[in-house]
Amino acid sequence: MDVAIQDKVNTWLEGNFDQATKDEITRLQKDNPKELEESFYRNLEFGTGGLRGIMGVGTNRMNKYTVGMSTQGFANYMKAQLKGEIKVAIAHDSRNNSRFFAETVANVFAANGIKVFLFESLRPTPELSFTIRYLGLNGGVVCTASHNPKGSVDEVKWSGGEANITLIGADMDNAYMDMVKGLSVYPEVIEKQKDLKIVYTPIHGTGIKLVPEVLKRFGFTNVSIVEEQSVPDGNFTTVVYPNPEESEAMSIGLKKAKAMDADILLGTDPDADRVGIAIKNHKGDWVLMNGNQTAVLACNYMIEARKAKGIAKPNDMVIKTIVTTELIDKIAKANGVACYNVLTGFKWIAELIKEKEGREEYIVGGEESYGLMIGSKIRDKDAVSAVALLCEMAAYEKNKGKSLYDKLIDLYVQYGFYKESLISITKKGMDGQKQIADMMEGYRNNPLKSINGVTVAQLLDYELKKGTDIQTGESWNIELPASNVLQFILADGSKISARPSGTEPKIKFYFSIHTRLNSVAEFDTVNAELDKKVAGIISDMKLK
């Protein structure tokens, strides 16, 4: 074992750690030294989605000590930066140990003299964001057993501030749901289509706390819950992975939607900040929409419906990420709405909203990974409000004798047929990160000249903050913060993005291609051609 790793192990064995932790380290030394090495070879790092890790002992695992040290670091930072009373909110979802971690965080903050507002039980992550702004707090933490703040300190204050903790619940729920209800553009259409057949699954998560009530307050009367997935359960017993991006996670809901001949199926992830939907296509077959398609429908609706109702403003804006479909850019431009592109992660969307506050009006935004943020009252992706507005969109189209899928094809005819796909490659083990780094370095040092027979026109390197014309060598600056992302822009307008995860040994490749769609009748043919083109790109890049 590397000397530096052994030193970390010894620190935990000899330090002020509980006996159960020390016993587990001793067991791993004897029975599984490789796992011990994996548990200590690095410190967990803060990425786009927070601090992620497997639960267990060690500096590379989620446990009481890594969470506590992270919280102490956050407390130290706030005490150094802020004057007067410091106040924070804490929420958690249904994942195993989330309540334990939330209480751990609360106790550390409280022991540092920080006023804590702790939700009495599990809540959707977006409600935390709302609470921070609504109560005028200085910060917040959500514990999902995989997303927590990061820090590095030697001494943690674990207890002694219990009086600084206040439990919150129903009052905050009502304030949040009132905000969500205020996002509705066409309540009168919902009144006409209140019996829209809606199937909803919280996939064993926090959505069950608020989504059914929000739909009721919007005026929908025909909502069916997927009972098998309605009870919060950190073991997620009915699914392999509780992610609405996965067809398997939505399969029980899809079966129910088909049996009921529903209009729409919606599923939220365990902390209810991402939403996946299924609708019937133009042939009457049920299909799961990807995050780009859902984002297009949401952004178009907020632009189009506000305009039709006469409440659009000349300074309206939408914000999306650099790996999200450019169809949103086209729709916004055609409607005279500013569209901004930021790095992946809703913190960048929130930062730009703050930067433009008072000058431009944020109405909607999102990213391809099933996240939407509607309105500016919160500053995080919000599946609770997204579910409600997506149902309103379905009602809006049904009132015109159409479906959401019909609307999507109409948008393709009007603006161009944009097709997106994603591949995620995981490299496990200690050398996983190095393999990914080597892959990115290879693309940087030896840029691809062509992909699938099409010339690479530009290379955009967001880490170097530089764009380069591959043919002429001309370069320009990219006006965004540095980030380890590469984009290949092809001569035909196709775009391939490579982005390593900031928290896991994983690299994602995003593919975006487009062409004209002259009529609805040509949809199937053109769709098949685009699928074939994406497959050709993936094959040529040897990613499968």
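Trp12 and Phe17 are both buried, where buried means under 20% relative accessible area, exposed over 50% and partly exposed in between (1.4 Å probe, protein chains only). The model is predicted, so local features need pLDDT of at least 70 and side-chain atom pairs count only at pLDDT 80 or more, while totals for chains, interfaces and linings use all residues. Residues are numbered from 1 along each chain as its sequence is written, and side-chain values use heavy atoms, with hydrogens and water left out.

Now for the rings. Phe, Tyr and Trp (its six-membered ring) pair if the ring centres lie within 6.5 Å; planes under 30 degrees apart count as stacked, over 60 as edge-to-face and the rest as tilted. That rule gives 16 aromatic pairs. Trp12 and Phe17 make a stacked pair, because their planes meet at 20° with the centres 4.4 Å apart. Ring pairs also link these two with Phe40 and Tyr65 into a cluster.

Tyr301 and Tyr396 pair up edge-to-face, with 75° between the planes and 5.2 Å from centre to centre. Tyr301 sits in helix H11 (residues 291–309) and Tyr396 in helix H14 (residues 383–398), so this pair ties together parts 95 residues apart in sequence. Helices here are DSSP runs (H or I, at least four residues), numbered from the N terminus. Tyr301 is buried at 3% relative accessible area, and Tyr396 counts as buried too, at 11%.

A charge sits over a ring if NZ of Lys or CZ of Arg is within 6 Å of the ring centre and within 35 degrees of the ring normal. The charged end of Lys115 is over the Phe117 ring, 5.7 Å from its centre, and Lys181 lies over the face of Phe218 at 5.8 Å from the ring centre.

Note on methods. Helix = DSSP H or I, 4+ residues; strand = E, 2+ residues; numbered from the N terminus.
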